[in-house]
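Me: I would like to learn how to read a structure like this one, feature by feature. Please give the general idea each time, and then the case at hand.

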Amino acid sequence: MAIAAFALKGLTPVSWAEPLAHKTKLPNGLTLIVAERNQLPTVHIQVTFGAGSTQVPANLAGLANLTAELLLQGTQRREAAEIRRAIESVGGSISANAESDYAQIHLAILKKDLALGLDILSDVLLNPIFSQQEMDRKVAQLKARLKRLEEEPKQVAQLAFARKLFGAHPYSLPPLGSLTGLSSISREDILRFYNSYYRPNNGTVIIVGRVSLEEMVSLFKSSLKGWEPGPSSKITHQAPPVLQSPVIEKIDRPITQANIIWGHQGIARSNPDFYALQVMNYILGGGGFVSRLMDTIRDNLGLTYGIYSFFDAREYPGAFQIALETKNENANQALSETLKEMRRFLEKGVSKTELEEAKAYLTGSFPFRMDTNAKLVRLLGAMEIYGLGMDFPQQYPRLINQVTAKEVLRVARAYLQPEKFLLVVVGNQQEIQLKERW
Amino acid sequence: MNRICLIVLFISLVFFLLGSVSRLQAAQREEVFEARLANGLQVLLLPDRKAAVVTIQVWYKVGSRNEPYGQSGLAHLTEHLMFRGTEKVGPKQYSRTIQKYGGQDNAFTSRDHTVYFENLASDHLMVALELEADRMTALKVDEEKFSTEKKVVQEERRLRVKDDPSATLFEEVVSTAFKSHPYRWPVTGWMEDLERLRREDFLAFYRTYYQPANAVLVVVGDIEKETVLPLIKKTFGRVPQGPPLPVSEFKESPQEADKRITLHRREAQLPYVLLAYHVPSFPHPDAFALEVMSQILAGGKSSRLVQKMVYQEQKALDVGADYPFLSRDPFLFFFYAQAMPGQSPEQIEARLYQELEEWKKSPPTQEEIKKAKNQIEAGFIFSQDSIFNRGKILGKYQSLGTWKGLEEYLSGIRKVSREDLLRVYQTYIEGKKKTIGILIPGGSVQEKGLSGEKSSK
């Protein structure tokens with residue numbers, strides 16, 4: 001009890017009573033969210049579009065990210081090098097990429113250079129030319145990045161896990177795409193994608209810094225003049241397939257550790273059990289050094305440097321994963337101890353202390369999700385993308401605090417699937433000698 | 001004995017950002033409050049009331065550089081053991097205590113220091129102070145916990161270095177570049193050294209270096225010095241004074257020859273080339289010019305190396321020029337490039353040299369210099385966004401000398417001239433002995449599975 005009360009006290013930031021940010025819509029449909037923060041002479045801007053890799057057909061995997069990255073590679077007024085030089089000359093930075101559920105552009109600039117920043121931002125949004133030459137450059141680079149991922153055992157395991165788990169769903173590939181996808185994309189595909197998705201009514205601008213809503217509305221109205229809304233092009237998908245039996249994927253690499261991912265389908269961000277699962281997962285393997293998995297596998301047994309479990313809650317159900325690395329020879333032992341912890345959890349649930357501490361952390365740590373302007377931009381972005389509402393920070397403590405031990409056990413039993421899992425192990429298979437049954 | 005004598009200094013730290021107050025309209029004025037307890041602990045307090053949170057950082061002036069020969073990894077292992085409990089606090093209580101107040105705690109070790117931190121709501125500051133003051137001298141680690149934690153750090157080494165070809169190359173280059181200085185061994189330690197470390201080695205190390213006179217306590221955030229200082233006295237003031245600190249002074253002899261190492265790794269995918277030159281660090285006056293040089297060469301996408309090698313020529317996937325501005329002893333200026341597919345390591349290496357020579361053939365223009373300075377200054381302003389970062393910057397300067405060095409940073413950067421940039425090139429790079437590391441990918445892995453497409457077995 002005392003703990004929960006303390007944590008709630010800790011939650012109160014200086015200006016808690018005031019809204020976190022102001023939101024409005026421009027006549028062309030663009031959503032504008034502004035959080036005035038005056039401590040530093042800086043402005044962080046994030047523009048997001050519903051233009052992630054879920055909006056792309058499988059044969060063009062990589063199109064969403066390629067389009068986003070190419071926004072910065074030349075406009076009618078500025079060559080690619082000129083865009084970079086202009087922003088960096090005043091110490092700013094600009095980047096663009098796509099994730100599975102959205103695409104985003106980030107701009108960070110000193111307040112005194114905001115006019116320049118907005119001029120460039122509106123230019124890359126409205127007038128990108130997607131030249132064939134820049135496209136070829138970018139495709140070669142993205143292919144090399146995919147190749148580079150093959151060098152990182154963790155990435156190899158993640159790529160294999162997604163491929164096996166999500167089947168035909170776009171979540172099966174990373175936003176970077178695939179080699180064949182990148183090879184198949186034409187300039188026309190990019191122009192079509194850009195024209196359909198990069199529309200004001202499909203976008204949100206989030207601004208945090210030494211600015212006011214009124215100031216930003218008038219600046220954006222003038223700098224984005226001529227940007228017309230378009231019809232919605234949103235593609236929807238079936239939910240990803242659910243595993244029917246255990247699947248084991250072994251990938252041989254000449255390395256010293258087994259990189260293990262055990263898991264299955266998780267939940268969508270809109271699932272109302274999200275909050276109960278956050279509490280559940282904190283206790284199981286999401287709570288860092290405090291979690292049961294870390295306590296057993298690392299602290300008591302010394303089998304790993306880190307073990308984590310998490311629900312990747314996105315627009316569609318993402319994965320639930322437990323991930324760890326251990327010396328090849330210890331793979332079987334580490335995995336069997338891990339699964340033992342999970343079964344114990346499913347049998348006995350959680351103690352009152354564990355529950356209270358989990359809730360205290362989840363609510364009490366919320367201020368750290370917005371204690372810098374850079375973090376606040378990301379939080380506001382996630383709130384908007386997943387429709388959490390502008391009062392999400394105020395609602396969050398209630399959503400967490402209403403979770404009971406019974407709820408935790410219920411969601412654990414509903415969402416953890418010890419019999420229908422996907423197990424990916426990357427490492428030296430000769431040394432690992434992975435058991436066939438789990 | 002426990003009486004506290006405070007030497008209180010009030011210093012006003014004024015940054016005139018971008019050198020032009022009128023243009024920026026505002027200067028950022030900050031007050032760092034400095035104190036020293038009777039037991040020798042240095043204290044730095046900096047109020048920043050953006051949010052009701054605080055960062056508490058204890059900087060111990062001990063890192064891998066202080067490890068006895070043959071005991072590499074000891075400083076880092078000690079960092080891990082600091083979470084294993086004291087007489088008063090149970091072994092699993094650190095993160096549990098901090099997290100139940102919504103905070104986060106962790107630690108890190110480098111060549112020069114070991115740092116423990118808690119970020120939490122400012123009204124729970126005392127909890128962190130108590131934990132940190134207690135474990136400064138009261139650690140209790142039995143044989144079993146010692147050997148379990150040794151296994152954990154060995155797993156960490158496998159994860160971070162052994163199975164990462166470019167990290168392995170980096171270690172090999174550093175250990176080749178230094179002949180006698182302890183910088184030659186890695187922070188995570190050699191596996192064989194880790195294997196042989198005993199509990200007694202840890203205890204001796206801990207008792208020597210973990211003491212108030214060898215530490216800096218930094219608190220940044222939503223604080224009032226009038227209320228925080230008594231709390232610090234109440235907690236850290238009780239920590240007994242330690243034994244005299246050993247003097248650890250090292251001086252590396254000049255490198256007499258170019259040294260080259262070649263690392264073949266089957267799982268590597270793309271060649272990687274790493275060049276290392278010996279350079280001085282701050283407060284050496286040349287540090288500022290070297291910092292600007294690294295910015296012009298590889299800071300941002302419009303920098304020389306990135307613009308040419310990554311963008312125009314598409315020879316590299318990634319390039320960099322890393323200069324350690326802050327280091328206790330002189331360290332290394334690194335230039336590196338990861339090749340694009342189809343580029344040989346020889347081509348990449350030659351291209352890097354060519355670009356370094358270019359420094360003299362077409363010296364940095366006024367525009368390049370101005371851009372680099374603006375990037376550094378703006379980067380400094382952006383780094384103020386996070387109280388954790390602000391604490392880190394103060395702690396790092398203080399543990400290497402004095403935080404007031406920070407005041408010289410931007411003014412030193414602003415003064416760098418074209419002549420300075422040419423001079424440091426001639427002094428430390430041109431024709432100087434260097435260490436070259438080449439990573440050569442090889443084997444069958446390459447052809448097997450490519451990302452996201454074929455499944456391999």
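Me: How many bridges join strand 9 of chain A to strand 10 of chain A, and in which sense do the two run?
Reply: Some ground rules come first. This is a predicted model, in which local features need pLDDT of at least 70 and side-chain atom pairs count only at pLDDT 80 or more, while totals for chains, interfaces and linings use all residues. Residues are numbered from 1 along each chain as its sequence is written, and chains are lettered from A and ligands numbered from 1 in the order in which they are written. Helices (H or I, at least four residues) and strands (E, at least two) are DSSP runs, numbered from the N terminus. Two strands pair if DSSP finds at least two bridges between them. Here strand 9 (residues 307–311) and strand 10 of chain A are joined by 5 bridges and run antiparallel. Within that pairing, Tyr308(A) has Ala323(A) of strand 10 of chain A as its bridge partner.

Me: Which strand is joined to strand 10 of chain A by 9 bridges?
Reply: Strand 8 (residues 257–265) of chain A, and these two strands run antiparallel. Asn259(A) has its bridge partner, Glu325(A), in strand 10 of chain A.

Me: Is strand 10 of chain A mostly covered or mostly open?
Reply: A residue is buried if 20 or more other C-beta atoms lie within 10 Å of its own, exposed if 12 or fewer, and partly exposed in between, with C-beta atoms placed from the backbone. Strand 10 (residues 319–327) of chain A is mostly covered, with 9 of its 9 residues buried.

Me: Which residues lie on each side of strand 7 of chain B?
Reply: In a regular strand the side chains alternate between the two faces of the sheet. For strand 7 of chain B, one side has Ala215(B), Leu217(B), Val219(B) and Gly221(B), the other has Val216(B), Val218(B) and Val220(B), and all of these are buried. As a count, 7 of the 7 residues of strand 7 (residues 215–221) of chain B are buried.

Me: Where does strand 7 of chain B find its parallel partner?
Reply: In strand 3 (residues 42–47) of chain B, over 6 bridges. Gln42(B) stands opposite Val216(B) there. Strand 4 (residues 53–60) of chain B pairs with strand 7 of chain B in the antiparallel sense over 7 bridges, and Val54(B) has Gly221(B) as its bridge partner.

Me: What is the strand order of the open sheet of 5 strands in chain B?
Reply: The order is 8-12-9-11-10, with mixed pairing. Strand 8 (259–265) and strand 10 (316–322) of chain B are the edge strands, each pairing on one side only. Strand 10 of chain B pairs with strand 11 (residues 331–339) of chain B in the antiparallel sense over 6 bridges, and Val319(B) has Ala337(B) as its bridge partner in strand 11 of chain B.

Me: Why is helix 13 of chain A called roughly antiparallel to helix 15 of chain A?
Reply: Axes are lines fitted to C-alpha atoms, for helices over the stretch in contact, and angles run from 0 to 180 degrees between N-to-C directions. Angles under 35 degrees count as roughly parallel, over 145 as roughly antiparallel, 65 to 115 as roughly perpendicular and the rest as oblique. Helix 13 (residues 352–364) and helix 15 (residues 392–401) of chain A pack at an angle of about 170°, with their axes 9 Å apart. That angle makes the two helices roughly antiparallel. Helix 13 of chain A contributes Lys359(A), Leu362(A) and Thr363(A) to the contact, and helix 15 of chain A contributes Tyr396(A), Pro397(A), Ile400(A) and Asn401(A).

Me: How many residues of chain B are in contact with chain A?
Reply: Two residues are in contact if their C-beta atoms, placed from the backbone, lie within 7 Å. By that rule, 63 residues of chain B are in contact with 76 residues of chain A. Helix 5 of chain B supplies the largest share of the chain B side, 9 residues.

Me: Why does Glu358(B) count as partly exposed?
Reply: Because Glu358(B) has 14 C-beta neighbours inside 10 Å. Glu358(B) is found in helix 12 (residues 345–361) of chain B.
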